Amino acid sequence: MALRPVMVNIKALDHVAVGRFWAAALGWTATSGQTTYVGPPGDFVWPDPVYVGIDVVAVPEPKTPAKNRVHLDLATTSAAHQAELVERLRALGATPADVGQGDVPWTVLADPEGNEFCVLEPRERYRDTGPIAAVVVDCVDSRAMARFWGAATDWTVQEVTDELAALRSVKGVGSYLEFLRVPGGKTGPDRVHLDLLPYPGDDQVAEVARLRALGAADLDLGQGDVPWTCLTDPDGHEFCVLAPH
């Protein structure tokens with residue numbers, strides 16, 4: 001048994017507008033209903049066999065000033081591409097963001113509702129990831145996150161140090177999932193989180209029990225009777241286990 005990350009869930013006051021921003025930013029397609037799903041262009045396929053999509057969900061509360069613990073890093077292929085992408089994103093409504101990054105080669109921006117993300121300088125590691133280089137998660141203990149998420153999902157641990165843990169699909173395609181050690185722990189609800197999906201034929205209840213045995217804890221957000229299960233990992237990051245598709 002194993003789970004696969006299939007979506008980055010972003011809460012927004014206006015899920016349609018934020019979804020359209022991310023679709024334009026990535027060159028993907030936004031499909032709106034009760035939520036706005038952003039995935040690769042072409043015929044609608046969910047879950048996408050390669051890429052982690054974005055699901056923007058409407059909530060009544062605006063983002064707090066605190067930096068999100070989960071953000072996206074966008075890939076570029078050259079310095080000119082990085083500069084062009086930053087300019088295009090700002091024209092779409094992104095704004096510069098200061099998260100204490102100082103003088104770095106990447107550019108930190110925020111989407112129209114303040115969710116931070118980075119436009120990276122060209123890096124060989126991300127040359128074949130598609131537009132999202134990595135889903136980056138702030139954490140207290142990157143090694144503990146490698147142990148939990150490496151066991152929780154079918155993604156392969158690519159790198160583990162005291163500062164960073166990096167995982168990627170066992171197929172070697174799509175974005176990386178990275179856990180970056182930062183000082184301080186969780187201070188409030190997560191505005192952005194991961195959604196995981198069992199494979200066809202696998203049992204959601206058994207998967208959730210397996211995650212609890214690995215150190216996950218149940219999470220009550222007032223979700224009521226829904227087909228997904230809300231949990232937190234050992235570092236307090238919220239995530240959901242969806243019903244098998």
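So, the lining of the second largest pocket: by class it splits into 11 nonpolar, two polar and seven charged residues. Keep in mind that this is a predicted model. The volume of that pocket comes out at about 410 Å³, and 20 residues line it. If you want to click on something, go for His 71, Trp 106, Cys 118, Val 136 and Leu 180, which lie nearest its centre. Two or more lining residues come from each of β5 (70–74), β8 (116–119), β9 and β12 (176–181). And which element gives the most? That's β8, with three residues.

Okay, on to the largest pocket. Here we're at about 1,200 Å³, with 42 residues in the lining. Nearest the centre you'll find Asn 9, Lys 11, Asp 190, Arg 191 and His 193. By class, the lining has 19 nonpolar, 11 polar and 12 charged residues.

α1, residues 15–26, packs with α2, residues 79–92, at an angle of about 160°, and the axes are 10 Å apart. Why call them roughly antiparallel? Because that angle is over the 145 degree cut-off. The crossing of α1 past α2 is right-handed. Who's touching whom? On the α1 side we've got Phe 21, Ala 24 and Ala 25, and they meet Leu 85, Arg 88, Leu 89 and Leu 92 in α2. That contact counts six nonpolar residues, no polar ones and one charged.

Conventions: Residues numbered from 1 in each chain as written. Predicted model: local features only at pLDDT ≥ 70, side-chain atom pairs only at ≥ 80, totals over all residues. Heavy atoms only, no water. 1 Å grid on protein atoms, 1.4 Å probe; cavity = no way out; pocket = protein on both sides within 12 Å on 5 of 7 lines; lining within 4 Å. Points joined across faces, edges and corners; volume = space filled by probe spheres on them. Nonpolar A, V, L, I, M, F, W, Y, C, P; charged D, E, K, R; others polar. Helix = DSSP H or I, 4+ residues; strand = E, 2+ residues; numbered from the N terminus. Axes fitted to C-alpha atoms, helices over the stretch in contact; angles between N-to-C directions. Parallel < 35°, antiparallel > 145°, perpendicular 65-115°, else oblique. Left-handed = near helix turned anticlockwise from the far one by under 90°. Contact = heavy atoms within 4.5 Å.
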